[in-house]
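The stops below are meant to be taken in order.

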Amino acid sequence: MNKTEKNKLINQVEQRIAFLKQDLIENDSLSVKKQTQAGDQSASLDLTIAAPVDETVDAGHRKELSELLKNIEWLKSDDAGYCELCNATIPVARLEIVPHIRVCINCAAN
């Protein structure tokens with residue numbers, strides 16, 4: 001991976017981290033949402049029904065954020081772009097699609 005590709009990838013990951021952090025901040029808890037809908041039973045019911053989906057999405061965002069935060073330091077290091085298991089080069093296209101990955105396709109398949 002050349003320096004331009006590396007910087008582009010780091011920028012992409014940093015933008016995704018910023019988005020996830022902002023999204024998690026903006027998503028109020030179910031109790032806060034219900035307070036804003038006080039008096040509207042239909043809206044309150046909609047919130048109750050959607051709560052498990054919202055919680056699942058938030059959990060996924062927290063997991064992705066955690067993985068990206070761990071990986072950003074790796075991306076900035078000299079080890080970036082090399083498989084942790086076999087030291088093969090990880091294609092930049094793979095890192096762009098799955099930026100938190102640290103293993104090549106062959107090692108991931110095993």
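The tour goes from the nonpolar core to a histidine and then to the cysteines.

This is a predicted model, in which local features need pLDDT of at least 70 and side-chain atom pairs count only at pLDDT 80 or more, while totals for chains, interfaces and linings use all residues. Residues are numbered from 1 along each chain as its sequence is written, and side-chain values use heavy atoms, with hydrogens and water left out.

**Core.** Select Val13, Ile17, Ile72, Leu75, Cys83, Ile90 and Leu95, which touch the most other members of the largest nonpolar core, a set of 17 residues. Such a core consists of buried Ala, Val, Leu, Ile, Met, Phe, Trp, Tyr and Cys residues joined through side-chain atoms within 4.5 Å. Buried means under 20% relative accessible area, exposed over 50%, and partly exposed in between (1.4 Å probe, protein chains only). At least two core residues come from each of helix 1 (3–26) and helix 3 (41–76); helices are DSSP runs of H or I, at least four residues, numbered from the N terminus.

Next, centre on Ile72. Not counting residues up to four places away in sequence, Ile72 touches Ile10, Val13, Glu14 and Ile17, where contact means heavy atoms within 4.5 Å.

**Histidine.** Move to His61, in helix 3. His61 is buried, at 14% relative accessible area. Beyond its neighbours within four places in sequence, His61 contacts Arg16, Leu20, Asp23 and Leu24.

**Cysteines.** Select Cys86, Cys104 and Cys107. How many disulfides does the whole structure hold? The search finds zero, a disulfide being a pair of cysteine sulfur atoms within 2.5 Å. Cys86 is partly exposed at 41% relative accessibility, whereas Cys104 is buried at 7%.
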